[in-house]
Amino acid sequence: MLLIIGFGRRKKRDRGEVVQVRCPRCSNNVSYRHTHTRTWLTLYFIPVLPYRSERRLECPICSHGVRILRDDVEEIRLGKVDLLARLKEALGAPTRMIS
Ligand SMILES: [Zn+2]
């Protein structure tokens, strides 16, 4: 019997808009989207077991984004997290100091 096992099949789900912000990479005013990507082990090309999970906030135009935790989404919606600073940090740009 021949087993056909595969690794690395990715499924990305869009969980909707979270917050409007000016993207630091493409400079468009966009609604960053919450995405959840799972990487699966496949058996005969059918996904059977997820072994990696990643949640991100992404720009719908240029796909720039940051990794987030599940609980971060609500805090970002409520404005408790400085999302722009995290996005700039992910881009490698220096964040503005507030004195
Ligand atoms: Zn962008």
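Helices (H or I, at least four residues) and strands (E, at least two) are DSSP runs, numbered from the N terminus. This is a predicted model, in which local features need pLDDT of at least 70, side-chain atom pairs count only at pLDDT 80 or more, and totals for chains, interfaces and linings use all residues. Residues are numbered from 1 along each chain as its sequence is written.

**View 1. The protein chain has two helices and four strands.**
From the N terminus on, the order of the elements is β-β-β-β-α-α. The radius of gyration, taken over C-alpha atoms, is compared here with a globule rule of 2.2 Å times the number of residues to the power 0.38. The protein chain has a radius of gyration of 17 Å, well over the 13 Å that the rule gives for 99 residues, so it is more spread out than a compact globule. Its C-alpha trace spans about 70 × 25 × 20 Å along the principal axes. A residue is buried if 20 or more other C-beta atoms lie within 10 Å of its own, exposed if 12 or fewer, and partly exposed in between, with C-beta atoms placed from the backbone. By this count, 10% of the 99 residues are buried.

**View 2. Four strands form an open, antiparallel sheet in the order S1-S2-S3-S4.**
Two strands pair if DSSP finds at least two bridges between them. Strand S1 (5-22) and strand S4 (65-68) are the edge strands, and each pairs on one side only. From one strand to the next the twist averages 30°, where axes are lines fitted to C-alpha atoms and angles run from 0 to 180 degrees between N-to-C directions.

**View 3. S1 pairs with strand S2 (residues 29-43) in the antiparallel sense over 14 bridges.**

**View 4. Ser 27 lies in the loop between S1 and S2.**
The hairpin of S1 and S2 has six residues between the strands. Ser 27 is not a glycine, yet its phi is positive, at about 65°. Ser 27 counts as exposed because it has 10 C-beta neighbours inside 10 Å.

**View 5. Ser 63 lies in the loop between strand S3 (46-58) and S4.**
Ser 63 also has a positive phi, of about 70°, although it is not a glycine. With 13 other C-beta atoms within 10 Å, Ser 63 is partly exposed.

**View 6. The largest nonpolar core is made up of five residues.**
A nonpolar core is a set of buried Ala, Val, Leu, Ile, Met, Phe, Trp, Tyr and Cys residues joined through C-beta atoms within 7 Å. The members of this one are Cys 23, Tyr 32, Leu 57, Cys 59 and Ile 68. Two residues are in contact if their C-beta atoms, placed from the backbone, lie within 7 Å. Leaving aside neighbours within four places in sequence, Leu 57 is in contact with Val 18, Tyr 32, His 34, Gly 65, Val 66 and Ile 68.

**View 7. Glu 74 belongs to helix H1 (residues 72-77).**
Glu 74 is exposed, with 11 other C-beta atoms within 10 Å. Glu 74 and Val 18 are 56 residues apart along the chain, and their C-alpha atoms are separated by 8.4 Å.
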